[in-house]
Amino acid sequence: MLTEYFSSVDFLVLKPAILLAIFALGVMMTDLMLEKGQKHLNAVMALVGIGFAAYSLGPWPGGIQYMMAQAGVREVEAFRGAIILDTFGIYFIWIFLISSALSILLSIRYLDVEDEQRGDHYAIMLLATVGMIFLAIGMDLVTLFMGLELMVISVYILTGYLRRDRRSNEAALKYLLLGAFSSGILLYGMSLLYGMSNSTDLRIIASAISQRPDGDPLVLISVLTITAGLLFKIGAVPFHQWLPDAYEGAPHSITAFMSVGPKAAAFAFLLRIFMVPLAPVRELWLPLLIGVAIATMTLGNLSAISQSNLKRLLGYSAISHAGYMMLGLIAGNDTGVKGIAIYLLVYMFMNLGVFAVIVSMRRQDLIGDEIDDLSGLIYRSPVAAVLMLIFLLSLAGIPPTAGFIGKYFIFLSLIQTQHYVLAVVAVLYVAVALYYYFRVVVVMFMREPADRTQLSLAPGVRFTLAVSLAMTLFIGIYPDPFIQLATDTVQSILP
Amino acid sequence: MWFHEHILSVVMFLPLAGAMLLLLLPSANKSLIRLTANIVSFTGFLVSLLLVFWFDADLGGFQFLEKVEWIPSIGANYSLGIDGISFLLVMLTTLIGYLAVLCSWSAIQDRVKEYYIYLLILQTGMLGVFMTMDFFLFYMFWEVMLVPMYFLIGIWGGPRKLYAAIKFFLYTLVGSVLMLLGIFGLYFWNHSQTGVYTFDIPTLSNMNMPLDLQLWIFAAFFVGFAIKVPMFPFHTWLPDAHVEAPTAGSVILAGVLLKMGTYGFLRFSLPMLPDASRDPRVVSAMVTLSLIAIVYGALVSLMQKDWKKLVAYSSVSHMGFITLGIFVLNPNGITGSIIQQINHGISTGALFLIVGIIYERRHTREISEFGGLSHVMPVYATLFLIIAMSSLGLPTLNGFIGEFVILQGTFEENKVWAAIGVSGIVLGAAYLLWLYQRTMFGTLDNEKNKTLKDINFREFMTLIPLVIWAFWIGLYPRPFFHILEKPVQRIVERVRPDYYATAQVASPAEAPGPAAGQEESAEEE
């Protein structure tokens, strides 16, 4: 009987992912029926899909969170423990859904300008989101790896989506080659874990690892390879080289997309791996991660200073942000993990805000990703310039913006766990980061405009900007509900 | 009464509300924007005058308390309150803030709307720093302020404005992020003792920490505050920022922003880290840096060719007096240093206004370009004379009172320190009088200067309040000493618990200090 293998709970837990997958296929089919002028409806369809997924998840009648609250359970296991839907997973699914929806809104106008308005774009975005969801709720190496590959392969395709653009193709190829290589390394590490424990379940692996003798070379090699594979996905030094290229070459709206959702998913994956199976050998990877975090912040921040391309600059800044988030893992206590959760949330809004402005820079005759393209923006589009300023301040971590709250918990956790030197290094890089973000501000506010064209803010872009602005300021000024949410979230992943 | 209970919030957020109002006005109508900004900031000043009537100097501790739970999950509250020290600084801020708006009327012609918006946001930030009783909130205001100041220097500044603006921002930011780590240190220590997470400043001022931890936190705070003051090796941002900033920016920078560093020492370093603050190593280091600043700032001022740069370096020297007064750790020194903070705001603020007035007419600040201006601008020359005298510490004017009391306090502790400090006053007289002589006296031989107009009514009105205040402190400083008595006593009791038991010197309120000072000076004259 099938019920021996499946139960209704299994389907319930996967409902958001299943809905997204169905809509992805649906978009591809309806795309065939739409005339050239009607292709926007694909985006609408994709958004409806995300809406359904959100509806099936939320804390209202019919939603999973509502049912869990009714039943008084904090986590649901499905597929014999291969999937676990807990507060941690739900938090991340919300981040994925929101970021994908906002990225789709950004894509509509962008694809129009590029004359590439097709349905498969939105379908692939939805599929990438499905992959992310599995990364956040997987408790099994195979599930996690499938989710990872679904996500990254979708992102490879999207990176190279502009078929007629050399930069886009180059970026996709680089990303694909390096990404596939790192996936191989990761898979090798996973196979070692399987060899040690005879299981793919993270919890069984954890207990198997803790029984290995001290200094076991097998454990060492598996930790090294898995760490290397994961660091690649979040773009940490020394596995960061793909990131600026991919950011620069990808379509603007896809850079926005991949800088938020897939990054958050990679962090969810990273946290699961380090907090569950690798937790027993914390002293093994801790020095490694400290070194990597310092190198990541250093390289990201220092390289960003000399960039003239805005997307590249944001790429390097994304590297440094990954370094900051790793500090939360290094602290490893509830404050630190909470810090990562909040950081990812605020990073989503501020980053999408910045990219919304960049997307509106794109015109028929202008790619619009050079810093100089923004010159005199305050004269041309004062609102966009001020919004950009607020997002950049938030990225730098200046209060009262949300970015400060993210950094606040990271620094707090470092002091709490007595990593004083690391804390000093981390705060000093805030000043460096401010310097390069303000290179953009100088161009926007203190240069004469090269031309007088205003930015054309499409409705989707406006909406994204409004949401990003509202959340960046709201979380910055009144962070309490979000702190409580994050506190609740990390309960389920802490030992 | 609602208004009475929330007077601090009203004073603080009024400028911000004004900035929001300005956003709605059309940017083409410059006079309307100027007028609105002036009305808003003048109203802010008038409302803050209510504090003068309502403030009760006989009560110790904080007044006009407001407390709303803000981020309970980390223990941060929106809590405001002022004691005598912050009261004086708040009054200084509202006055200087208004004068800065007023003095920009004709100096700023481009992007007028943006300009006033930044000025007003800055005003809210500065008031917040002095009013807050929550360390987390304090940090927010402390950083928020940097952004509008950056733009004021960076957009409306002189030729090297971009360099000066980012240097100012980065310097201050480095200091403040390190200070943040120090705040965390206090936060966790308090939690380890009481089990409560809080940023409440009075609570954090009542802890007993081990000395080594205090020293580390002191170091973190020191970087933050010393850069802001600025103390000697950290002062290099100041001349750049001052010289490049527009007049209003310089006035606010000198008048208010620098006081935040010294306020930080008084409000946080001394009461929260008393053992570190009275550690002989720390005291000698701080005093040495202060003395170096006094002498070095004065010497560098002597050789400046640029009028504004001269005033900027004189700030370094004067701020040296203030930090000297703080770290002699006795009532006279601390009271004097607070009075001197106000004095410096008045005199140096006014000196920058003076420079701004002439710069607007001649578009140069080279001292060699001027000479004999008193022939064409008699009113201007008179006001400049009064201000210069107030800055160099002539009796009957404010500077004398502050410097005298600081030196009195220093003398109690160490006579050599006092002697070096006095040399700063002598040098101060030298550079200011020499400046006055080179610009105002002599023959009017530069053709361009012959047609200069004397100051108009608006410019007169920017200087007159400061002149009146200067005379007030100089002639009748008693109210100020009275206001400061209790808060200073609290700081001294915290940092030197045995002081009042053993000291033969009376507390400054019954002060032989200023009164005796005036008698002495009368004899001298």
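Tutor: An axis here is a line fitted to C-alpha atoms, for a helix over the stretch in contact, and angles run from 0 to 180 degrees between N-to-C directions. This is a predicted model, in which local features need pLDDT of at least 70 and side-chain atom pairs count only at pLDDT 80 or more, while totals for chains, interfaces and linings use all residues. Residues are numbered from 1 along each chain as its sequence is written, with chains lettered from A and ligands numbered from 1 in the order in which they are written.

Student: At what angle do the axes of α8 and α11 of chain B cross?

Tutor: Helices are DSSP runs of H or I, at least four residues, and strands are runs of E, at least two, numbered from the N terminus. In chain B, the axes of α8 (residues 161–194) and α11 (residues 237–244) come within 9 Å and cross at roughly 135 degrees. That makes α8(B) oblique to α11(B), since angles under 35 degrees count as roughly parallel, over 145 as roughly antiparallel, 65 to 115 as roughly perpendicular and the rest as oblique.

Student: Which residues of α8(B) and α11(B) meet?

Tutor: Contact requires C-beta atoms, placed from the backbone, within 7 Å. From α8(B) come B:K161, B:Y163, B:A164, B:K167, B:F168 and B:Y171, and these meet B:W237, B:D240, B:A241 and B:E244 of α11(B). By class, this contact has 6 nonpolar, no polar and 4 charged residues, where Ala, Val, Leu, Ile, Met, Phe, Trp, Tyr, Cys and Pro are nonpolar, Asp, Glu, Lys and Arg charged, and the others, Gly among them, polar.

Student: How do α16(B) and α23(B) cross?

Tutor: The axes of α16(B) (residues 331–362) and α23(B) (residues 478–495) come within 9 Å and cross at roughly 130 degrees, so these two helices are oblique to each other. On the α16(B) side the contact is made by B:P331, B:I334, B:T335, B:I338 and B:I339, and on the α23(B) side by residues including B:F480, B:F481, B:L484 and B:V488. The contact of α16(B) with α23(B) comprises 10 nonpolar, 2 polar and no charged residues.

Student: At what angle do α19(B) and α22(B) pack?

Tutor: Helix α19(B) (residues 398–413) and helix α22(B) (residues 457–475) pack at about 45 degrees, with their axes 6 Å apart, and they are therefore oblique to each other. Here B:N398, B:F400 and B:I401 of α19(B) touch B:A470, B:I473 and B:G474 of α22(B), a set with 4 nonpolar, 2 polar and no charged residues.

Student: Which residues of α14(B) are buried?

Tutor: Helix α14(B) (residues 280–302) has 23 residues and reaches 33 Å from its first C-alpha to its last. Its buried residues include B:M286, B:L289, B:A293, B:G297 and B:S301, and what covers the buried residues includes α10, α13, α15 and α20 of chain B.

Student: How many residues does each chain bring to the contact between chains A and B?

Tutor: Chain A and chain B each bring 25 residues. On chain A, α17 (402–416), α18 (420–446) and α20 (480–491) each supply at least two residues of the side touching chain B, and α18(A) gives the most, with 12 residues. That side of chain A divides into 21 nonpolar, 3 polar and 1 charged.

Conventions:
Two residues are in contact if their C-beta atoms, placed from the backbone, lie within 7 Å. The expected span of a helix is 1.5 Å times one less than its number of residues. A residue is buried if 20 or more other C-beta atoms lie within 10 Å of its own, exposed if 12 or fewer, and partly exposed in between; C-beta atoms are placed from the backbone.
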